[in-house]
Amino acid sequence: MAPEESAGTELLLRSFERRFLAARALRSFPWQSLEAKLRDSSDSELLRDILQKTVKHPLCVKHPPSVKYAWCFLSELIKKHEAVHMEPLDELYEALAEILMAKESTQGHRSYLLPSGGSVTLSESTAIISHGTTGLVTWDAALYLAEWAIENPAAFTHRTVLELGSGTGLTGLAICKMCHPQAYIFSDCHSRVLEQLRGNVLLNGLSLETDVTANSDSPRVTVAQLDWDVTTVPQLSAFQPDVVIAAGRAGIRWEAEPRHDKKLFPYEEDLEMAILKLTP
């Protein structure tokens, strides 16, 4: 395989891997590029590699996405294969059979690969609105903020960080794993979100501050119930934060940070998002 072709294949596999682990919408996958490569070669090795990067990925095997999502993905992959190849690929149908035997759940997992080689895995609701809140799923703005934090670790290193409206915890978990804060306080106002937050903290190998076995090399992590629409200054001051991060409008002066170019996580690129630095 020529170097250019090999690089293109690696890029394609990486794209499938990142999108599948994060359970992104199937329309965002590079299906046309896959079809073109399948037509150029009668070899099914590419599809086997995609299986290893998606449904058979170690992260996916341990923390699978929803059954419906995996079924839809494999069905689409089989369609692409059948459109080009006459002979069926047993591995595709075996993987689909395994998915059809699995039991569906109201929770699924999304995993995000970090530049360090590690990852953040989240347990999320399979519904956008669940238990009367939208905080049980990860929003693209959280991915965008996590990318900015990873590119600007000095803003968080050895500091106490308070996050208002943490949702599933993606941003905070990425900061804890990549930016070495001294302490991190996740917060939200919804009891079900807080329950899921605690679970996601433990799922990613971090300990809550009440755990006496906590690793001293890791940041002190707290999950707090906090309604930031009505929270008072003394309540916030009690956490003694060096840095506060949040999303929303609060009538505070701000200045926009320059847009960052490195895209580490899969999200909709045409969304209007910006990092705002609050000023006195």
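This is a predicted model: local features need pLDDT of at least 70, side-chain atom pairs count only at pLDDT 80 or more; totals for chains, interfaces and linings use all residues.
Helix 2 takes part in two of the helix contacts described here. With helix 5 (residues 67-84), helix 2 (residues 31-40) forms a right-handed crossing. The two axes come within 9 Å and cross at roughly 35 degrees. On the side of helix 2, the contact involves Trp 31, Leu 34, Glu 35, Leu 38 and Arg 39. Helix 5 contributes Phe 73, Glu 76, Leu 77, Lys 80, His 81, Ala 83 and Val 84. By class, the residues of this contact comprise seven nonpolar, one polar and four charged.

The axis of helix 2 also comes within 10 Å of that of helix 3, and the crossing angle is roughly 145 degrees. Here Leu 34, Lys 37 and Leu 38 of helix 2 meet Leu 46, Leu 47 and Ile 50 of helix 3. Five of the residues in this contact are nonpolar and one is charged, with no polar residue.

Ser 44 lies in the loop between helix 2 and helix 3 (45-53). Its relative accessibility is 13%, so Ser 44 counts as buried, the cut-off being under 20%. Leaving aside residues up to four places away in sequence, Ser 44 touches His 81 and Leu 89.

Helix 8 (residues 170-178) is largely enclosed by the rest of the structure, because eight of its nine residues are buried. The buried residues are Leu 170, Thr 171, Gly 172, Leu 173, Ala 174, Ile 175, Cys 176 and Met 178. Just after this helix, His 180 adopts a positive phi of about 55 degrees.

Helix 9 (residues 191-203) consists of 13 residues. From its first C-alpha to its last, helix 9 reaches 18 Å, close to the 18 Å expected at 1.5 Å a residue. Arg 192, Val 193, Leu 194, Gln 196, Leu 197, Asn 200 and Val 201 are buried in this helix. The elements covering these buried residues include helix 8, along with strand 1 (107-113), strand 2 (119-125), strand 4 (183-188) and strand 5 (220-225). After helix 9 comes Gly 205, with a positive phi near 80 degrees.

Phe 156 is located in the loop between helix 7 (140-151) and strand 3 (160-163). With a relative accessible area of 1%, Phe 156 is buried. Not counting residues up to four places away in sequence, Phe 156 touches Trp 148, Ala 149, Val 161, Ile 175, Cys 179, His 180, Pro 181, Val 243 and Ile 245. Among these, Ile 175 is a buried residue of helix 8, and His 180 has the positive phi noted just after that helix. Phe 156 and Asp 242 are separated by 86 residues in sequence, while their C-alpha atoms are 8.5 Å apart in space.

The structure contains zero disulfides. Cys 179 is in no disulfide, and the nearest cysteine sulfur, belonging to Cys 176, is 8.9 Å away. A disulfide would require the two sulfur atoms to be within 2.5 Å. Cys 179 has 0% relative accessibility and therefore counts as buried. Cys 72, at 23% relative accessibility, counts as partly exposed.

Note on methods. Residues are numbered from 1 along each chain as its sequence is written. Side-chain values use heavy atoms; hydrogens and water are left out. Buried means under 20% relative accessible area, exposed over 50%, partly exposed in between (1.4 Å probe, protein chains only). Helices (H or I, at least four residues) and strands (E, at least two) are DSSP runs, numbered from the N terminus. Axes are lines fitted to C-alpha atoms, for helices over the stretch in contact, and angles run from 0 to 180 degrees between N-to-C directions. A crossing is left-handed if the near helix is turned anticlockwise from the far one by less than a right angle, and right-handed if clockwise. Contact means heavy atoms within 4.5 Å. Ala, Val, Leu, Ile, Met, Phe, Trp, Tyr, Cys and Pro count as nonpolar, Asp, Glu, Lys and Arg as charged, and the others, Gly among them, as polar. The expected span of a helix is 1.5 Å times one less than its number of residues.
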